[in-house]
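Please keep the sequence and the 3D view at hand while reading.

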Amino acid sequence: MSDQVIIIGGGLAGLSAANRALGLGLKVTVLEQGSDADYFCNSRIAGGIVHVAFRDVTKDVEDIRGTVSGQTGENDATAHAGLLAEEGARALAWIREEGAKFIKGGQFEFMRWIMAPPRRRTAGLDWKGRGPDVTLRRLTANLEERGGTLRRGVRGKELIIEDGKVTGVITDAGERIAAHAVVIADGGFQANPDLVRKYISPLPEKLIQRGAGTGFGAGMLMAEAAGAALVGMDRFYGHLLGQQAFENDQLWPYPIIDPIAQASILVDKSGSRFTDEGLGGVYMANEVAKLDDPLAATAIFDEAVWTGIAADNRYPPCMNPVFEQAGGTVLQAPDLAGLAAQIGVPADALDRTVNEYNAAITSGAVSSLSPARSTHRAEAQPITTGPFRAIPVCAGITYTMGGIAIDRDGKAQHRDGGAIAGLYAAGSSTGGFEGGPNAAYIGGLSKAIVTGMRAAESIAGKSE
Ligand SMILES: Cc1cc2nc3c(=O)[nH]c(=O)nc-3n(C[C@H](O)[C@H](O)[C@H](O)COP(=O)(O)OP(=O)(O)OC[C@H]3O[C@@H](n4cnc5c(N)ncnc54)[C@H](O)[C@@H]3O)c2cc1C
C-alpha cells in the first residue's frame, strides 16, 4: 500500500492539510486542477478576514461558541460549527507560524485578523499580491521546502476503493494514484449548475458566481459514490449584488448591497416583501436564489439610508459612492409611484408594502409583519425621505455551505453510519459547519484552516 496522502485541491484547506501533514512526517501530493503558477481559487481572491461568526478568534472560546450557536441554532447542518470556535485561535497561531502575516483592518471585532496586505477598498476584484494570495504562495513554498508535491493541472475524478477502504484517486486523464489516505478539498459545488439546480435554486443561470468559479462538486460526487453522507446542501455563502454585475465586472465581488437591503426592504415583482431582511445579506441571497425567478428582487430604500449606512466607510468599500463610480445605476424617483414604474411593479402594491413596513416600525411591531422582520442583527429603518431609491439585486454565490459529512477529525461519514476508511474532507467541500434555517455564515477561511489541519492530524494519528 502507498504511504502517501493525496489531497484533491490546492486552496487554503488543501494547502493547510498538506503542510500540517508534512510537518507531522507524512508524505504528501496535492492535485490541483488549475495549471497557472497562481491558479485561481476562492482562497486566493478572498477578503482575507479570519474570523469565527464575525468574532476575533483569540477571544474567549465559550463566548465565541455562544455567538456561533446564536446564529446556527440547533440543526444537523451546523452540528460541528462549535469546533470552529474551539479551534479558531490554534488555527490562527498555526498559520502565522507558517508565515502568514496579518493586520488589524478596521474598528469592528471581525476585522482584527486580516491577511496582509489587505485588498484595497475598491469595487471589483483586487487579489494579486494581496494577503490571501501571499498566504497561498507562502504555503506552496513551505510545502515544496518540506518535500511535498503540488501537481498543477491535474484534476481528481474518481476514488479507488478496495474492500471498503479508499486507496487512491483516478485523475480525469485516467492516471491511477495510490494513497494511504485521500483528503477532498476541492472547494464546493457552486460552479456546477446541475448541482446548484438540484440543491439550491431553480434557475442557477440567474445567480452570479461571486468567486473563482472553480468548485464543480467533483469531490462531493466522488465521496457520494463511495457512500458518503451529505449534509446541509441547500445553503450557500454569498451576498446580494446589483444585477448589473452580470455585465460589469467592477460590480462583483464588491460592493455588496447587503447593508442597504438589511436596513430597508426587498420586494419581488408583485411589489411585496418576501423575506426577513433583518437576517442579513447571506440569508437574503439564499432566499433570492430560491425564488421562481431569482432576478425578480429589488432593494427599496430612501435617501436617509443612501446617505447614512450606504455611505458609512467603516464597511469597505461603501456603496455610496463606490457603486455608481463603478458604473452601477441607483434608480430614483421623488415618490414611490415613480419608483414602481421604473422597476416594473404595481404602484399600489409597492405603496402598501412600504406603508405597512413604515407603520410597523412606528408602532414597534416589525416582528408581526408578514414575512416577519427581525431586528436583532439589523435595525429596520423607515422609507420616508425622498428621493426614493431602488437597486435590482441578484444572488452572488461564493461557496456552498453543505457537502461531505465529516466528524470532528475530518473523516468522511458513511450514510449507513461510521467513517469511510481512508477518506477525509476539508474546507468548502464539507458540510456540518454552516447553513441551516438562518443560512448561518461562520467563516470560510477559519473553516478551511481548522478542517485542513485537523484532517492531517487525524491521518497522522495525532488528533488534538
Ligand atoms: C471574494 C471573496 C471574498 C471572501 N472573503 C472571505 C473572508 O474575508 N473571510 C472568510 O472567512 N472567507 C472569505 N471567503 C471565502 C473563502 O475564500 C473560502 O471559504 C475558502 O477560501 C475556501 O477554501 P477551500 O480550500 O475549501 O476552497 P478553494 O479555495 O476554492 O480551493 C479549492 C481548490 O480545489 C481545486 N479543485 C476543484 N476541483 C478539483 C478537482 N477535481 N481536482 C483538483 N483540484 C480541484 C480548485 O481549483 C481550487 O484551487 C471569500 C471568498 C471570496 C470569493
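This is a predicted model: local features need pLDDT of at least 70, side-chain atom pairs count only at pLDDT 80 or more; totals for chains, interfaces and linings use all residues.

## Two domains

The domain assignment divides the protein chain into domain 1 (4–234 + 401–459) and domain 2 (236–397). Taken over C-alpha atoms, the centres of domain 1 and domain 2 are separated by 31 Å.

Contact between the two involves 24 residues of domain 1 and 32 residues of domain 2. On the side of domain 1 that touches domain 2, eleven residues are nonpolar, nine are polar and four are charged.

## The largest nonpolar core

The largest nonpolar core comprises 142 residues, and V182 and V183 have the most contacts inside it. This core lies between domain 1 and domain 2, because both domains give residues to it.

Leaving aside residues up to four places away in sequence, V182 touches I6, I8, L159, V166, V169, G422, L423 and Y424.

## Helix 3

Helix 3 covers residues 61–72, twelve residues in total. From the first C-alpha to the last, helix 3 reaches 16 Å, close to the 16 Å expected at 1.5 Å a residue. Just after helix 3, G73 adopts a positive phi of about 70 degrees.

Which residues of helix 3 are buried? They are I64, V68, Q71 and T72. Seen down the axis of helix 3, the buried residues fall within an arc of 95 degrees and therefore line one face of the helix. These buried residues pack against helix 4 (81–97). The face turned away from the buried side of helix 3 carries the exposed residues E62 and D63.

Key. Residues are numbered from 1 along each chain as its sequence is written. A nonpolar core is a set of buried Ala, Val, Leu, Ile, Met, Phe, Trp, Tyr and Cys residues joined through C-beta atoms within 7 Å. A residue is buried if 20 or more other C-beta atoms lie within 10 Å of its own, exposed if 12 or fewer, and partly exposed in between; C-beta atoms are placed from the backbone. Domain bounds come from an automatic or database domain assignment. Two residues are in contact if their C-beta atoms, placed from the backbone, lie within 7 Å. Helices (H or I, at least four residues) and strands (E, at least two) are DSSP runs, numbered from the N terminus. The expected span of a helix is 1.5 Å times one less than its number of residues. The arc is that of the directions from the helix axis to the C-beta atoms. Ala, Val, Leu, Ile, Met, Phe, Trp, Tyr, Cys and Pro count as nonpolar, Asp, Glu, Lys and Arg as charged, and the others, Gly among them, as polar.
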